[in-house]
Amino acid sequence: MVKIIKDFIPRSNRNRPGNYMKPLYITVHNTANTDQGANALRHVNYVKKPNTATSWHFTVDENWIYQHLPLNENGWHAGDGRGTGNMKSIGIEICENADGNFEKAVENAQWLIRKLMTEQGIPLANVVPHKRWSGKNCPRQLLNRWDSFKAGIATANTGKKATAKPVKATPVKNTSSKPKASKPKKSFNLPSGIIKVTKPLTKGAGVKALQEALAAVYYYPDKGAKNNGIDGYYGPKTANAVKRFQLMNGLTADGIYGPKTRNKLQSLIK
Ligand SMILES: [Zn+2]
């Protein structure tokens with residue numbers, strides 16, 4: 001749970017046009033500023049300067065979320081003029097300052113997006129990269145992991161019962177950032193039958209194949225752990241990866257591997 005601090009751009013600024021907006025999309029950016037100290041507060045000061053031309057709704061770093069504009073006003077962040085990006089989307093900048101914790105900032109942004117989706121009734125399919133509107137290589141640190149970034153939004157814990165009504169999973173169509181050549185071609189000997197977290201844990205080559213298949217479509221059991229958590233044990237982290245995969249693919253998100261999950265996985269890694 002992160003605190004959101006409202007510190008709005010003055011109404012007299014030219015980067016606060018004050019056009020009425022009903023937000024239909026959420027647009028994700030990276031600040032592209034790796035300077036030491038280029039955190040969210042630094043961007044508050046920047047965006048409030050009278051001559052700043054651009055504006056957006058939130059800046060997120062590893063500790064703070066600052067809001068610069070009310071959600072019913074548009075900002076100039078999408079680079080598409082008076083198009084949908086600028087006129088109908090909430091702009092979120094994720095900091096990448098060298099002295100910050102980028103992964104934590106990303107987590108905070110996922111939390112914020114999940115919260116905004118719930119409050120504004122915006123579907124996960126309408127959470128888009130800046131690139132969608134203008135072709136700009138933004139968010140530059142997330143485009144190559146866009147699917148897993150969105151999967152993290154789907155499972156972000158906002159304190160509300162997130163699983164009560166799962167967001168209708170729309171397979172992510174925007175794969176423009178992912179080179180076609182990298183599409184996994186390997187075949188995985190996926191186990192048949194049902195696997196869930198048991199005591200002791202189910203283990204073996206079948207579980208390992210499942211973990212490798214999940215990783216191939218960017219649902220790592222434990223990104224950051226040794227071998228991304230691919231260890232042949234069906235533990236809570238593997239169940240979580242299965243759950244994220246199910247959520248994003250329109251399946252019952254229970255973290256239990258079974259025939260439907262197997263079929264879906266197989267269709268994606270072919
Ligand atoms: Zn951007």
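In what order do the elements of the chain run from the N terminus on? They follow the pattern β-β-α-β-β-α-β-α-β-α-α-α-α-α, and the chain has 8 helices and 6 strands, where helices (H or I, at least four residues) and strands (E, at least two) are DSSP runs numbered from the N terminus. The structure is a predicted model, in which local features need pLDDT of at least 70 and side-chain atom pairs count only at pLDDT 80 or more, while totals for chains, interfaces and linings use all residues. Residues are numbered from 1 along each chain as its sequence is written.

The predictor's confidence in each residue is given as pLDDT, from 0 to 100; its mean over the chain is 88, and 89% of the residues reach 70 or more. Over residues 161-183, however, pLDDT stays under 50, and for these residues the model has 28 contacts beyond four places in sequence, a contact being a pair of residues whose C-beta atoms, placed from the backbone, lie within 7 Å. Where pLDDT is low, the predicted coordinates should not be read in detail.

Of the 270 residues in the chain, 39% are buried; a residue is buried if 20 or more other C-beta atoms lie within 10 Å of its own, exposed if 12 or fewer, and partly exposed in between, with C-beta atoms placed from the backbone. Among contacts between residues at least 6 apart in sequence, 69% join residues at least 24 apart.

The largest nonpolar core has 50 residues, and those with the most contacts inside it are Val60, Ile92, Leu112, Ile113 and Leu214. Such a core is a set of buried Ala, Val, Leu, Ile, Met, Phe, Trp, Tyr and Cys residues joined through C-beta atoms within 7 Å. Helix α3 (residues 102-120) gives the most to this core, with 8 residues, and the core draws at least three residues from each of domain 1 (4-154) and domain 2 (180-269), the bounds of which come from an automatic or database domain assignment. When neighbours within four places in sequence are left aside, Ile113 is in contact with Ile26, Ile92, Val127 and Ile153.

Strand β2 (residues 25-30) is mostly covered, with 6 of its 6 residues buried. Strand β2 pairs with strand β5 (residues 89-94) in the parallel sense over 6 bridges, two strands being paired if DSSP finds at least two bridges between them; in β5, Ser89 is the bridge partner of Tyr25. Strand β2 also runs parallel to β6, to which 3 bridges join it, and here Ile26 stands opposite Val127.

Ile65, in strand β4 (residues 65-67), is buried because 21 other C-beta atoms lie within 10 Å. Beyond its neighbours within four places in sequence, Ile65 is in contact with Val2, Ile4, Ile5, Ala40, Phe58, Val60, Asn108 and Leu112. Although Ile65 and Ala40 are 25 residues apart along the chain, their C-alpha atoms are separated by 6.9 Å.

In helix α5 (residues 146-154), the buried residues are Trp146, Phe149, Lys150, Ala151, Ile153 and Ala154, and what covers them includes α3, β6 (127-129) and α7 (236-248). Phe149, which is found in α5, counts as buried because it has 23 other C-beta atoms within 10 Å. Phe149 and Tyr218 are 69 residues apart in sequence but 9.5 Å apart in space, C-alpha to C-alpha.

Tyr218, with a positive phi near 75°, follows α6. Buried residues of α6 are Val207, Lys208, Leu210, Gln211, Glu212, Ala213, Leu214 and Ala215, and their cover includes α7 and α8 (259-269).

Some backbone features lie in the loops. A cis peptide bond with omega about 0° joins Cys138 and Pro139, the latter in the loop between α4 (131-134) and α5, and another, with omega about -5°, joins Lys199 and Pro200, where Pro200 lies in the loop between α5 and α6. In the loop between α6 and α7 lies Asn227, which has a positive phi of about 55° although it is not a glycine and which counts as partly exposed because it has 13 C-beta neighbours inside 10 Å.

Conventions:
Contact = placed C-beta atoms within 7 Å.
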